[in-house]
Amino acid sequence: MAASEVKVLGSWSSPYVIRTRIALHIKSLTYEFIEEKLSEGKSQLLLKSNPVYKKIPVLIHGDKPVNESLIIVQYIDETWPSGPSILPPDPYERAVARFWAAYLDEKWFPAVISIGMSDGEEAKKAAMAQVEEGVALMEEAFGKCSKGKVFFGGDEIGFLDIAFGSCLGWLRATEEMNGIKVMDQGKTPALVNWAECFCCHSAVKDVMPDTDRLTEFGRVLFPKLRAAAAAKTH
Ligand SMILES: N[C@@H](CCC(=O)N[C@@H](CS)C(=O)NCC(=O)O)C(=O)O
């Protein structure tokens with residue numbers, strides 16, 4: 001397949017975009033990465049390709065757009081079955097991986113973001129407690145899913161590794177910005193080891209954003225987002 005047949009609309013800092021790129025790397029697919037500068041407005045191509053949510057990532061395969069990062073990862077796995085499998089072959093294990101991925105997107109990652117979005121100390125503390133609780137749940141889930149191997153997916157990176165691992169950059173930047181440590185050797189030793197292996201993996205290391213760069217970006221972004229949220233409520 002020619003490189004231009006697969007395009008990704010995305011940005012370097014988005015955890016959701018990273019998922020798409022990791023899945024493409026696992027399948028050894030070449031693709032064109034089109035950087036969307038969201039702060040400067042959305043491109044016509046993005047608005048046309050994701051008219052419902054108008055969000056990145058968008059995978060464009062030929063002339064067909066696919067939206068929503070977890071759906072994109074599953075599409076890549078099903079469309080190029082000859083590369084390493086991303087979803088577990090067993091239906092129950094697949095259901096478990098999808099369950100935790102949905103939990104991460106619906107509950108856990110929004111709590112990570114609300115640490116940066118909270119104005120008062122009380123709200124920040126509540127968000128931190130939610131994030132810590134989630135990490136403890138994921139430590140337990142790791143024990144069950146990995147069966148003593150390196151990744152949630154076993155010997156290789158799978159669906160849940162991609163769903164969770166893509167959030168590591170923002171988790172680390174949030175820890176840095178707020179002087180906290182959520183994932184550490186004392187509380188979550190298995191996840192600490194997993195995170196290190198995940199970030200060093202050849203499919204991941206070139207797209208995982210540098211923590212310092214992300215922290216610097218977050219220090220500018222969060223005050224703007226907080227101001228925009230406050231303006232909305234007044
Ligand atoms: N549920 C979506 C979330 C995607 C998302 O929130 N993307 C952000 C960038 S990290 C975005 O495009 N934001 C632009 C906007 O909200 O208008 C997915 O998994 O793909």
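The shell around the ligand holds 5 nonpolar, 2 polar and 3 charged residues. Here Ala, Val, Leu, Ile, Met, Phe, Trp, Tyr, Cys and Pro count as nonpolar, Asp, Glu, Lys and Arg as charged, and the others, Gly among them, as polar. Members of the shell include Ser14, Tyr16, Lys54, Lys55 and Glu68; a residue is near the ligand if its C-beta atom, placed from the backbone, lies within 6 Å of it.

This is a predicted model: local features need pLDDT of at least 70, side-chain atom pairs count only at pLDDT 80 or more, and totals for chains, interfaces and linings use all residues. Numbering starts from 1 along each chain as its sequence is written.

Helix H1 covers residues 15–26 and spans 17 Å from first to last C-alpha, close to the expected 16 Å. All 12 of its 12 residues are buried, so H1 is largely enclosed by the rest of the structure. Buried means 20 or more other C-beta atoms within 10 Å of the residue's own. The cover over H1 includes these elements:

| Element | Residues |
|---|---|
| Strand E1 | 6–10 |
| Strand E3 | 58–61 |
| Helix H3 | 69–79 |
| Helix H6 | 159–165 |
| Helix H7 | 168–178 |

Just after H1, Ser28 has a positive phi of about 55°.

The largest nonpolar core has 56 residues. Such a core is a set of buried Ala, Val, Leu, Ile, Met, Phe, Trp, Tyr and Cys residues joined through C-beta atoms within 7 Å. Ala23 and Ile162 are among those with the most contacts inside it. Helix H4 (residues 91–117) gives the largest share, 8 residues. Domain 1 (3–79) and domain 2 (91–214) both contribute, so the core lies between them.

Technical notes. Helix = DSSP H or I, 4+ residues; strand = E, 2+ residues; numbered from the N terminus. Expected span 1.5 Å × (residues − 1). Contact = placed C-beta atoms within 7 Å. Domains from an automatic or database assignment.
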